Amino acid sequence: MKSLMTALIITLAFLTASVQAVEVSEFTAALANAATRPDADKARDEGRKPAEVLGFLGIEEGMSVMDVMAAAGYYTEVLSMAVGPTGKVYMHNMPAALTGERGSRTAQAIAERLSGDRLANVERLEAEFGSLGIPTGSLDAALIALEIHELINAEDGQATVEFFTALHGALKSGGVLGVIEHAGDAGNDNAALHRGLETDVVAAAQAAGFTVADVSDVLRNPEDDLSKMVFDGSIRGKTDRYVLRLVKP
Ligand SMILES: C[S@@+](CC[C@H](N)C(=O)[O-])C[C@H]1O[C@@H](n2cnc3c(N)ncnc32)[C@H](O)[C@@H]1O
């Protein structure tokens with residue numbers, strides 16, 4: 001009996017030690033109090049709930065992760081803090097997202113965010129999905145935030161296949177792909193509204209070999225009737241969003 005108790009205590013101690021996923025209230029405070037984190041990012045936290053999202057995805061210190069289609073990198077910086085100095089964050093963008101007038105504003109914002117090597121565990125990655133150039137099976141997790149509508153609503157479906165194939169290759173077995181997306185309604189023109197149907201995303205993910213481990217409602221908003229463009233002033237920043245935790249088996 002005594003040895004059974006000892007074994008139980010050792011097992012519990014091991015489990016406690018091995019689970020270091022972001023603790024929501026602690027990480028919320030850390031994000032709010034980070035002296036060098038931009039105020040503009042802090043102002044978005046209430047609507048984006050990054051601690052809840054990373055807790056749901058199981059992001060832990062020391063992980064190797066990717067912020068896919070990161071744009072200016074709100075989530076890159078959040079992930080950088082979460083994985084810490086022993087972890088690594090790839091800040092991915094499609095090369096085309098950094099060209100033209102809008103792209104050069106994004107490039108400037110990225111340069112400011114990374115200036116003076118202030119996020120030392122972040123590596124920029126500007127690449128098409130077919131040539132990410134990172135080792136196969138090396139990522140613990142990846143996140144695509146508010147961008148998958150750009151892929152899923154494209155007419156030929158090729159971009160979606162390339163995205164899921166690339167991430168499936170880059171993730172470790174058991175690795176997590178998080179998807180945050182503006183909810184859509186099947187009867188609407190979701191491409192024009194910048195929304196992505198959850199059923200489309202799930203079907204494409206499953207076709208690529210991912211399983212749906214869980215769906216979070218932490219960013220749901222029933223007051224968004226799904227008919228407006230996501231940048232409409234009445235809903236911007238508080239759209240109805242789903243968060244998927246997809247897993248590479
Ligand atoms: C194209 S999205 C996503 C880029 C990047 N992956 C990220 O998560 O920041 C970036 C833009 O969406 C805006 N945004 C963030 N949350 C939003 C929401 N709930 N509704 C509409 N726009 C939102 C941001 O202000 C930003 O201009």
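**Stop 1: a buried arginine**

Select R48: it is buried yet has no salt bridge, and the nearest side chain of opposite charge, D41, is 7.4 Å away. Buried means under 20% relative accessible area, exposed over 50%, partly exposed in between (1.4 Å probe, protein chains only). A salt bridge needs a side-chain nitrogen of Lys or Arg within 4 Å of a carboxyl oxygen of Asp or Glu. For charge, Lys and Arg count as positive, Asp and Glu as negative; His and the chain ends are not counted.

This is a predicted model: local features need pLDDT of at least 70, side-chain atom pairs count only at pLDDT 80 or more, and totals for chains, interfaces and linings use all residues. Residues are numbered from 1 along each chain as its sequence is written, and side-chain values use heavy atoms, with hydrogens and water left out.

R48 sits in helix α3 (residues 39-48). Helices (H or I, at least four residues) and strands (E, at least two) are DSSP runs, numbered from the N terminus. Now show the contacts of R48, meaning heavy atoms within 4.5 Å. Leaving out residues up to four places away in sequence, R48 touches V53, Y74, Y75, A145, L146, L219 and R241.

**Stop 2: the sheet**

Switch to cartoon. Seven strands form an open, mixed sheet, in the order β3-β2-β1-β4-β5-β7-β6. Its edge strands, β3 (122-126) and β6 (211-216), each pair on one side only. Pairing requires at least two DSSP bridges between two strands.

Select β4 (residues 139-145) and β5 (residues 171-182): they pair in the parallel sense over six bridges. Which residue in β5 stands opposite I144? Click V179.

**Stop 3: salt bridges**

How many salt bridges does the rule count? The count comes to 12.

- Select D45 and R37. Their closest N and O atoms are 2.7 Å apart. D45 is buried at 14% relative accessible area, and R37 is buried at 2%.
- Select K88 and E123. Their salt bridge is 2.5 Å, N to O. K88 lies in β2 (residues 88-93) and E123 in β3, so the pair ties together parts 35 residues apart in sequence. K88 is partly exposed at 28%, as is E123 at 36%.
- Select R220 and D240. This salt bridge is 2.9 Å, N to O. Both residues are in the loop between β6 and β7 (241-247), 20 residues apart. R220 is partly exposed at 33%, whereas D240 is buried at 9%.
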